[in-house]
Amino acid sequence: QVQLVESGGGSVQAGGSLKVSCAFSGFTYNNYALAWFRQAPGKPRAGIAVFATGGQFGGGGTTYYTDSVKGRFTVSLDHAKNTLYLQMNSLTPEDSAMYFCAARQGFSSSIGSWWARASEYVDWGQGTQVTVSS
């Protein structure tokens, strides 16, 4: 049974930084994609970053980012700790949202066309709130 547990959310002033984590377990395939989504009140859940590893991606992995966070956010994966991270810098009030970790395993296709779609992921964490004040 896959489990995803986010932590590290909180409140920060604009321009500040925050790092959220997602501890994962229960994977049964050797290739998987772990993504960060966020959802603000009244808005759809949107993919912002993904780390795909194993299989065709090798141990180093492949990352994608949505345009609004490129250059500010960095996604990383610690295999030894089974933990996905999202380092967020230069935060703005527009980054305020609930942040979710999501997982999909055992795929054979390139992830570039689907990684940011919430419907492509089977397993989700409970979310962690990030609030950025101006």
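In what follows, a strand is a DSSP run of at least two residues in state E, and strands are numbered from the N terminus. The structure shown above is a predicted model. By this definition, the protein chain contains 11 strands and zero helices. Read from the N terminus on, its order of elements is therefore β-β-β-β-β-β-β-β-β-β-β.

The overall form of the chain may be considered next. For 134 residues, a compact globule would have a radius of gyration near 14 Å, and the protein chain, with 14 Å, agrees with this value. Along the principal axes, the C-alpha atoms fill a box of roughly 45 × 25 × 25 Å. Of the 134 residues, 43% count as buried.

Strand 11 comprises residues 128-133. In a regular strand the side chains alternate between the two faces of the sheet. In strand 11, Thr 128, Val 130 and Val 132 form the covered face, whereas Gln 129, Thr 131 and Ser 133 form the uncovered face.

Which strands pair with strand 11? One is strand 2, residues 10-13, which pairs with strand 11 in the parallel sense over four bridges. Within strand 11, Val 130 is the bridge partner of Gly 10; Val 130 also belongs to the covered face. Another is strand 9, residues 97-105, which pairs with strand 11 in the antiparallel sense over three bridges. Here Tyr 99 stands opposite Thr 128 of strand 11, and Thr 128 likewise lies on the covered face.

Ser 21 is located in strand 3, which spans residues 18-25. Is Ser 21 buried or exposed? A residue counts as buried when its relative accessible area is under 20%. Ser 21 has a relative accessible area of 17%, and therefore it is buried. What does Ser 21 touch, if residues up to four places away in sequence are not counted? The contacts of Ser 21 are Val 5, Glu 6 and Ser 7, then Trp 36, and finally Thr 83, Leu 84 and Tyr 85.

How values were computed
Residues are numbered from 1 along each chain as its sequence is written. This is a predicted model: local features need pLDDT of at least 70, side-chain atom pairs count only at pLDDT 80 or more; totals for chains, interfaces and linings use all residues. Side-chain values use heavy atoms; hydrogens and water are left out. The radius of gyration is taken over C-alpha atoms; the globule rule is 2.2 Å times the number of residues to the power 0.38. Buried means under 20% relative accessible area, exposed over 50%, partly exposed in between (1.4 Å probe, protein chains only). Two strands pair if DSSP finds at least two bridges between them. Contact means heavy atoms within 4.5 Å.
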